[in-house]
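Biologist: Please take a close look at the aromatic rings in this structure. I would then like to know what surrounds them, and how the rest of the chain is built.

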Amino acid sequence: MTAGFARRSAGRSAVAAMSLIAGALTLGIPSAQADTGPGRVALEGTKPAWTAAAADQGATAASARVEARVYLAGRDANGLTAYAEAVSDPQSPQYGKYLTPQQAQDRFGATQEQIAAVTGWLRASGLQVTGTTAHYIAVAGDAAAVQKAFSTSLHDYRKDGRTYRAPDRAASAPAAVAGMVLTVTGLDGAPHRAKPQDTLPGPGDGFRNAGPYSTYYGSNTATSLPAVDGAKVPYAVHGYTGRQLRAAYGAEGFTGKGVTVAITDAFASPTMAADASTYAKRNGDRAYRKGQYTEVLPASYNSVEDCGGSGWYGEESLDVEAVHALAPEADIVYVGAASCNDADLLDALNKIVDHRLADIVSNSWGDIESNETPDSAAAYDQTFKLGAIEGIGFYFSSGDDGDELANTGKKQVDSPTNSAWVTAVGGTSLAVGRGDTYQFETGWGTRKALLSADGTSWTDFPGLFTGGAGGGTSATVKQPFYQHGVVPDALAKANGPTRMRTVPDIAAVADPNTGFLVGQTQSWPDGSVSYDEYRIGGTSLASPVIAGIQALAQQARHAPIGFANPSIYARYNTRLLHDVTDRPLGAGHTLAVARVDYANGTDAADGTQTSVRSLGKDSSLSAVRGYDDVTGVGTPAPGYVASYGFPYRR
């Protein structure tokens with residue numbers, strides 16, 4: 001993602017994948033390897049691939065203003081990768097020997113001499129240094145100065161009906177400082193960035209679910225509606241609560257005590273603390289103790305209109321309330337980004353790493369892999385690896401559009417979910433029955449068919465695909481060590497002869513038709529603003545659910561789990577994980593639920609719409625026995641949490 005907008009992965013009642021916002025384990029090592037001229041070394045990956053198919057409109061005006069970030073490679077990028085792998089691998093003697101942020105900086109961070117040298121080069125080229133952190137040097141200047149600094153030409157290109165600036169060849173750095181530079185971002189101007197004086201809007205437009213509902217899966221059968229394959233179907237649940245999800249995934253008495261979970265999203269709901277407290281009181285969750293929920297926010301926001309500012313409030317509400325519901329004694333720190341742009345989201349993540357604000361980080365945002373550029377991937381991976389050596393685990397939702405073919409015209413995965421250094425969380429449809437008993441799960445994939453006009457059949461059953469858990473095979477990231485021998489070659493080599501990173505890694509409930517009840521202050525058509533609750537889903541539910549479960553597992557371990565993928569894959573094909581398939585009750589059972597929705601999203605004034613939603617039909621992706629590209633290694637089963645309480649061996 002280059003200056004990219006992340007997409008929230010939440011899906012409300014109709015699995016509306018909300019609007020656009022947003023390898024080998026050596027991905028992100030400085031790629032300054034190829035000479036581009038006397039005394040210069042290329043920063044590979046800084047020429048975006050999309051320019052090859054775009055229309056070149058000629059040179060960018062020399063006076064055009066450009067803002068960029070030069071990310072620092074630090075002392076020992078190869079050593080950082082090796083140490084991050086070692087401390088995360090239960091089979092390594094270095095496992096769990098984490099560093100403090102200061103130790104990480106002293107061992108792997110850029111020195112003051114390196115920062116000074118890179119700063120000197122940039123200033124000598126005519127660029128203004130606008131900010132310096134432990135991770136990057138921010139610069140600004142006209143296109144002429146940028147071209148001088150990075151020895152490349154900036155051109156304007158037509159892409160998707162708009163014009164964006166980008167380098168016509170890879171940027172480079174002088175040989176004397178090239179080894180100190182990880183990458184440069186911001187030379188590629190796609191997409192447009194809004195002005196920084198934007199302010200946050202009030203609570204977003206209201207939304208309510210219509211009834212009837214089930215209180216648990218199967219509690220209310222739609223007897224008056226047409227059958228599906230000869231059987232009546234249940235109404236969708238009103239929304240699972242923390243009690244039901246804790247029981248389904250084997251919380252086993254753990255509460256997350258002593259663990260801190262961070263949540264990153266763009267912006268910040270002004271009513272989040274009050275909403276979380278109200279939700280806990282109304283739904284049987286433990287009341288928040290003083291200081292249990294805190295916020296770390298930027299001084300100002302930007303790109304609010306482009307990012308759909310208030311649309312993030314529901315995402316934040318879901319993330320906070322889901323984590324607390326699963327891990328009621330875990331501390332939660334919400335770290336808001338100044339916008340949905342990569343630079344601001346990275347700043348939020350780096351705050352967590354630099355100050356070790358949390359043990360576990362849940363992230364329910366992302367973009368498609370084809371929008372990702374190697375420069376931004378390198379910057380993200382450096383942050384994730386620094387987190388790994390400090391014992392911080394990053395969890396990302398896998399996306400809500402299945403294989404992305406219907407959404408983008410190309411089968412692909414999302415990013416940063418594709419990173420080998422994050423835990424990609426896929427999604428399921430979950431059936432929790434009477435007495436909070438786990439009944440079954442399918443891979444989350446929904447097809448929707450409307451009730452016919454005469455009410456006697458479902459029109460064009462099973463209907464059109466409306467959403468499903470993201471997954472598939474990366475086109476850019478090679479297969480990491482923890483997937484060796486687990487991911488079948490039919491998936492790992494889906495894009496060619498080289499084994500590549502496959503997502504997701506693990507999964508949890510995501511289907512909005514078997515979703516979570518969330519509470520949020522919203523704006524209503526009559527002009528009022530008030531708290532209400534609705535059912536929600538998407539893999540942005542699955543991510544905080546898994547983050548909450550991992551908080552329980554860390555409590556059991558009495559030590560940080562850190563980057564969890566090696567530990568998760570070590571439990572593959574054991575009783576500790578549910579092996580989820582699309583037909584858990586057998587090939588002869590078509591699983592579906594009935595839904596009644598308000599046509600206007602809030603009340604019955606404009607009537608209702610009745611539909612049937614199929615379960616386990618995710619685009620071209622399938623949940624099958626063993627590892628699959630919908631649910632990864634599966635979902636946590638009873639015993640999973642407790643297994644972290646002792647040295648685990650297969």
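Modeller: Phe-481 is partly exposed, with a relative accessible area of 24%.

The model is predicted, so to speak of local features a pLDDT of at least 70 is needed, side-chain atom pairs count only at pLDDT 80 or more, and totals for chains, interfaces and linings use all residues. Residues are numbered from 1 along each chain as its sequence is written, and side-chain values use heavy atoms, with hydrogens and water left out.

A pair of aromatic rings is described by the distance of the centres and the angle of the planes. Rings of Phe, Tyr and Trp (for Trp, the six-membered ring) pair if their centres lie within 6.5 Å; planes under 30 degrees apart count as stacked, over 60 as edge-to-face, and the rest as tilted. By this rule, a search of the whole structure finds 19 aromatic pairs. In one of these pairs, the centres of the Trp-365 and Phe-396 rings are 5.0 Å apart and the planes stand at 80°, so the pair is edge-to-face. Trp-365 belongs to strand β17 (residues 365-368) and Phe-396 to strand β18 (residues 393-397), so the contact ties together parts that are 31 residues apart in sequence. Helices (H or I, at least four residues) and strands (E, at least two) are DSSP runs, numbered from the N terminus. Trp-365 is buried, with a relative accessible area of 0%, and Phe-396 is buried, with a relative accessible area of 0%. Phe-481 and Tyr-482 also form an edge-to-face pair, with 5.6 Å centre to centre and 75° between the planes.

Some rings have a charge over them. A charge sits over a ring if NZ of Lys or CZ of Arg is within 6 Å of the ring centre and within 35 degrees of the ring normal. Arg-69 lies over the face of Tyr-136, at 3.9 Å from the ring centre. The charged end of Lys-159 is over the ring of Trp-50, 5.6 Å from its centre.

Strand β6 (residues 65-72) is joined by seven bridges to strand β8 (residues 136-142), and the two run antiparallel. Val-70 has Ile-137 in β8 as its bridge partner. Two strands pair if DSSP finds at least two bridges between them. Four strands form an open sheet in the order β7-β8-β6-β12, with antiparallel pairing. β7 (128-132) and β12 (181-185) are at the edges with a single partner strand each, so one side of each is left without a neighbour in the sheet. On average, neighbouring strands of this sheet are turned by 25° against each other, direction ignored; axes are lines fitted to C-alpha atoms, for helices over the stretch in contact, and angles run from 0 to 180 degrees between N-to-C directions.

Helix α4 covers residues 143-150, and in this helix Ala-143, Ala-145, Val-146, Ala-149 and Phe-150 are buried. Seen down the axis of α4, these buried residues fall within an arc of 160°, so they line one face of the helix. The arc is that of the directions from the helix axis to the C-beta atoms. Ser-151 follows α4 and has a positive phi, near 50°.

Most residues other than glycine have a negative phi, and most peptide bonds are trans. Asp-460 is not a glycine, yet has a positive phi of about 55°. Asp-460 lies in the loop between β22 (445-450) and β23 (464-468) and is exposed, with a relative accessible area of 67%. The peptide bond from Val-503 to Pro-504 is cis, with omega near 5°; Pro-504 is in the loop between β25 (500-503) and β26 (506-509).

Finally, the whole chain. The protein chain has 15 helices and 32 strands. Its radius of gyration is 24 Å, close to the 26 Å that the globule rule gives for 650 residues, so it is as compact as a globular protein of that length. This radius is taken over C-alpha atoms, and the globule rule is 2.2 Å times the number of residues to the power 0.38. Buried residues make up 63% of the 650 residues.

Methods: Buried means under 20% relative accessible area, exposed over 50%, partly exposed in between (1.4 Å probe, protein chains only).
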